[in-house]
Amino acid sequence: MRQAVLDFQKRAEQADFVAVIDDSGEHTARDLLARAAELAVLLGDGRTVLAQAANSWRTFVIALAAGRTGSVLAVINKHATKGEFDDALDDIRPDVVVAEPSLVDEWSVSGPGTPVLEGWSSVSIQDAADLDRWDGGVFIGLTSGSTGRAKGVVQSEEALHYACSCTIEINGLSPGDTIAAIVPLSSTAAFCFGVYCSLVLGGPLVLTAKWDPATVLARLAETNTRWTMCVPTMALQMAAVEPPVPNGIRSITVGGGPMDRTALARAEQALGTKILRVFGMSECLGHTSPRPAEPEDIRLGRDGRPFPGTEVRAVSSDGVVLGPGETGRAQVRGPSLFRGYARNGRVQSPDLTPDGFFSTGDLLLADDDGTITIMGREKDVIIRGGRNIDITEIERAVAGYERLNHACVVPIRDDVLGERIALLAVARDSRRLALEEITSYLASLGLAKTKWPEFVYTVDRLPQTTVGKLDRKAARELAGKLHSDES
């Protein structure tokens with residue numbers, strides 16, 4: 001991240017400015033750079049640093065220090081278990097760990113700790129200082145790991161800069177604009193489109209340590225935030241805040257979870273902004289987006305167009321490239337494609353097609369106008385009596401129901417049919433959602449009866465991962481428990 005930090009430093013030398021606004025207040029660029037210089041001396045040059053990501057000035061300073069020293073920065077969520085930390089340690093093999101002392105103890109980090117960042121600790125693990133092992137990577141983000149062991153995704157500075165530059169241009173952002181990171185910075189996307197984007201823009205980065213929709217909305221308004229990125233659940237929760245909080249946010253990018261045009265349209269109207277439904281992943285950062293000026297059916301009903309220089313295609317099960325109007329397996333190649341996964345302390349090259357495309361694991365439908373729509377994950381199916389039922393199709397259909405805030409479809413184990421369909425639903429009012437009203441609504445849409453939920457469970461909130469995405473594994477477990485309690 002050396003280039004972004006150098007540009008940030010030059011801007012600060014010309015005139016100081018507020019660079020971070022977090023729960024503790026405002027922090028100027030020169031103050032943060034001074035703290036980063038102190039930390040850089042302790043870290044040393046060319047190290048691999050595994051740091052706790054906090055939505056505060058500390059993560060920003062660690063990024064500045066990594067850029068100054070030419071180090072590789074890996075981030076991990078503070079809620080990571082000891083086992084998850086050990087997995088990250090095994091995959092990344094860092095030279096230094098930086099975290100709160102309580103986490104250093106909880107994760108059993110061995111080695112003498114040095115106080116840094118007003119209460120955190122820096123612990124030296126080894127002195128490898130071998131950055132060639134990362135093949136040009138400068139940042140390592142861990143996937144959420146909701147379906148298994150988290151993967152360390154290694155991204156280059158060129159990829160980060162490309163993804164941010166495209167996003168800045170699409171959303172009409174200007175140097176010095178205020179942006180917000182409301183998703184935990186342990187997410188690759190949140191770090192890229194939060195910390196790195198603010199370094200490029202040279203303007204304030206707004207952070208909140210704890211997700212609270214009303215608090216976040218108030219801070220966005222107070223700081224004149226122009227743009228932010230979040231998962232759909234967050235957008236819907238902010239839209240439900242009463243009374244609405246007026247703000248001047250120009251646009252909100254949403255991705256990383258089930259999305260429905262009707263629900264997003266309600267949220268857009270409540271928030272008084274433009275919502276852009278996008279597609280991206282840790283392995284290929286935010287590589288499609290619509291533009292704020294495009295009509296609602298493009299912005300909210302599809303997933304935008306590929307960034308300039310990025311190619312996205314759909315292929316059949318036997319690898320044949322499909323044309324517009326045909327749904328197939330999504331593949332992507334472009335400047336934001338990752339270097340590979342962190343394995344045994346070095347980059348493991350990604351599994352690409354012979355012509356350089358990465359398979360995302362999603363189902364893709366392309367349109368004649370160049371827009372794409374992600375139709376769901378390849379594995380997001382319920383197998384009921386030998387019939388494959390698309391989870392995404394049901395979620396998109398039910399999302400338009402007026403009493404429903406948001407919902408997810410999950411399988412319930414059944415001795416006879418194998419799996420049956422259940423709906424976890426968050427109501428827009430205090431009344432329980434009944435199965436009959438859901439099925440009646442789906443019948444009015446013409447959805448086949450074989451795809452109707454057989455159980456509906458009203459819950460206060462849907463399970464989320466530590467980065468705010470829908471946690472489908474936890475959702476399955478919750479539905480299973482609720483079903484068992486009723487049986």
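**Close-up views of the predicted model**

**Figure 1. Surroundings of Val98 in the predicted model.** Apart from neighbours within four places in sequence, Val98 is in contact with Leu43, Val49, Leu50, Ala51, Gln52, Ile62, Val116, Leu117, Trp120, Ser121 and Ser122. Val98 is also a member of the largest nonpolar core, which holds 84 residues. Together with Leu73, Val98 touches the most other members of that core. The element that gives the most to the core is helix H7, residues 188-201, with nine residues.

**Figure 2. Strands S26 and S27.** Strand S26 covers residues 404-414 and strand S27 covers residues 418-427. The two strands run antiparallel and are joined by 10 bridges. A hairpin of three residues links S26 to S27. Of the 11 residues of S26, 10 are buried, so the strand is largely enclosed by the rest of the structure.

Figure 3. H6 spans residues 157-170, which makes 14 residues. From its first C-alpha to its last, H6 reaches 20 Å, close to the 20 Å expected at 1.5 Å a residue. The helix is mostly covered, with 10 of its 14 residues buried. The buried residues of H6 are Glu157, Ala159, Leu160, Tyr162, Ala163, Cys164, Cys166, Thr167, Ile168 and Ile170. After H6 comes Gly172, which has a positive phi, near 65°.

**Figure 4. The whole chain, for orientation.** The chain has 14 helices and 28 strands. Along the principal axes, its C-alpha atoms fill a box of roughly 65 × 45 × 45 Å. A compact globule of 487 residues would have a radius of gyration near 23 Å, and the chain agrees with this because its own value is 23 Å. Of the 487 residues, 56% count as buried. Among contacts in the chain with a separation of 6 or more, 66% are between residues 24 or more positions apart. The accessible surface of the chain comes to about 19,900 Å², and carbon and sulfur atoms account for 49% of that surface.

Technical notes:
Residues numbered from 1 in each chain as written. Predicted model: local features only at pLDDT ≥ 70, side-chain atom pairs only at ≥ 80, totals over all residues. Heavy atoms only, no water. Core = buried A, V, L, I, M, F, W, Y, C linked by side-chain atoms within 4.5 Å. Buried < 20%, exposed > 50% of the residue type's maximum accessible area, 1.4 Å probe, protein only. Helix = DSSP H or I, 4+ residues; strand = E, 2+ residues; numbered from the N terminus. Contact = heavy atoms within 4.5 Å. Pairing = 2+ DSSP bridges. Rg over C-alpha atoms; globule rule 2.2 N^0.38 Å. Areas by Shrake-Rupley, 256 points an atom, 1.4 Å probe, with all protein chains shown as cover. Expected span 1.5 Å × (residues − 1).
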